[in-house]
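Thanks for coming, everyone. Please have a look at the model on the screen, and then we'll walk through it.

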Amino acid sequence: MIAADYGYEVLPGVALDTPGVEDVLRRRERALRWGLVALTVEVLLLAAVLSLAGPGSAPGLVTAACVIPVIAVTAGLTLLWRRARRRERLVMSTYGWQVWPVRTQDVRIVAADGERAQGRRWGTGKQVVLLQPDGQSHCSFPFPADGWDGPLPQGPRPTDRVWFAGDTRFGGMVAEPGGLPFRYVVRSTPGKRRGTGPEDELARRASLMPRNQRR
């Protein structure tokens, strides 16, 4: 693990063992039920209208034209939510917390409402930069402005460190020191560093490694 190679602290156990993390994950996973309830109601509504009015009737056709796209959207969003929650649990049950020095910096990004230059519109976005021992950038992730989940730590907290669980070549969970709140981050382009056998095995187990790199 590169954090250990740098001499950074790697906490024992896995991130899921952190007090409060399991509760947050379970709460997020319970939200999946609402998607399933909505999907069930939509399907039953369509079935009831088609049963009463007939599938070839005008009311049946209109209802089908309106409800089927809604069913498709609900099913898609529910599936995406399920995959995201599974991904979080996999990462946090595979990796322990690594304590990284960090800084944030502004970078130039493509933005629909930015200034036009070189045929594109450009804006400014923030990046979370994990630092090497010499202060140089090891890797960076888009700043997780939204989506943090879990109670905020009480009292003052360091702003020059984060806890990270995952593989810095691909992504993982970033958290305030203490493990909460946390959020999933992913690199826009996977890192080029060649991983060790154990690193690659963990990345595959946590579904962090892109499919085209798995062997």
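On the cut-offs: buried means under 20% relative accessible area, exposed means over 50%, and partly exposed lies in between, with a 1.4 Å probe and protein chains only.

A word on what you are looking at. This is a predicted model: local features need pLDDT of at least 70, side-chain atom pairs count only at pLDDT 80 or more, and totals for chains, interfaces and linings use all residues. Residues are numbered from 1 along each chain as its sequence is written, and side-chain values use heavy atoms, with hydrogens and water left out.

Now the overall layout. The chain has five helices and six strands. Helices (H or I, at least four residues) and strands (E, at least two) are DSSP runs, numbered from the N terminus. Along the sequence, the pattern reads α-α-α-α-β-β-β-β-β-β-α. The chain has 215 residues, and 39% of them are buried. Its accessible surface is about 12,800 Å², and carbon and sulfur atoms account for 58% of that. Those areas come from the Shrake-Rupley method with a 1.4 Å probe; for residues, only the protein chains shown count as cover. Next, contacts, meaning heavy atoms within 4.5 Å. Take those between residues at least 6 apart in sequence: 63% join residues at least 24 apart.

Back to R204 and its partner. R204 forms a salt bridge with E201, and the closest N and O atoms are 3.5 Å apart. A salt bridge here is a side-chain nitrogen of Lys or Arg within 4 Å of a carboxyl oxygen of Asp or Glu. Both E201 and R204 lie in helix α5, residues 197-205. They are three residues apart, about one turn of the helix. E201 is partly exposed too, at 37% relative accessible area.

How many salt bridges does that rule give? The count is ten. One of them pairs R89 with E22, with the closest N and O atoms 3.0 Å apart. R89 sits in helix α4 (residues 58-94) and E22 in helix α2 (residues 21-30), so this pair ties together parts that are 67 residues apart in sequence. R89 is partly exposed, at 23% relative accessibility. Another salt bridge joins the side chains of R193 and E199, at 3.2 Å, N to O. Here R193 is partly exposed at 28% relative accessibility, whereas E199 is buried at 9%.

Let's stay with α2. Which residues of α2 are buried? They are V21, V24, L25 and R28. These cover an arc of only 95 degrees around the axis, which puts them on the same side of α2. That arc is taken from the directions from the helix axis to the C-beta atoms. What do the buried residues of α2 pack against? They pack against α3, α4 and β6.

On to the strands. β5 runs antiparallel to strand β4 (residues 161-167), and five bridges join them. F164 has V174 in β5 as its bridge partner. β4 and β5 form a hairpin, with three residues between them.

β5 also pairs with strand β6 (residues 182-186), again antiparallel, over five bridges. G171 stands opposite V186 in β6. M173 has Y184 in β6 as its bridge partner. β5 and β6 form a hairpin as well, with six residues between them. In that turn, G178 has a positive phi of about 115 degrees. One reminder for looking at strands: in a regular strand the side chains alternate between the two faces of the sheet.

Last stop, the surface. W34, V37 and V41 make a nonpolar patch of about 350 Å². Patches are made of residues with over 30% relative accessible area and no salt bridge; like charges are joined within 9 Å, and nonpolar side chains (Val, Leu, Ile, Met, Phe, Trp, Tyr) within 5 Å. V37 belongs to helix α3, residues 32-53. V37 counts as partly exposed, at 44% relative accessibility.

That's the tour. Over to you.

How values were computed:
Two strands pair if DSSP finds at least two bridges between them.
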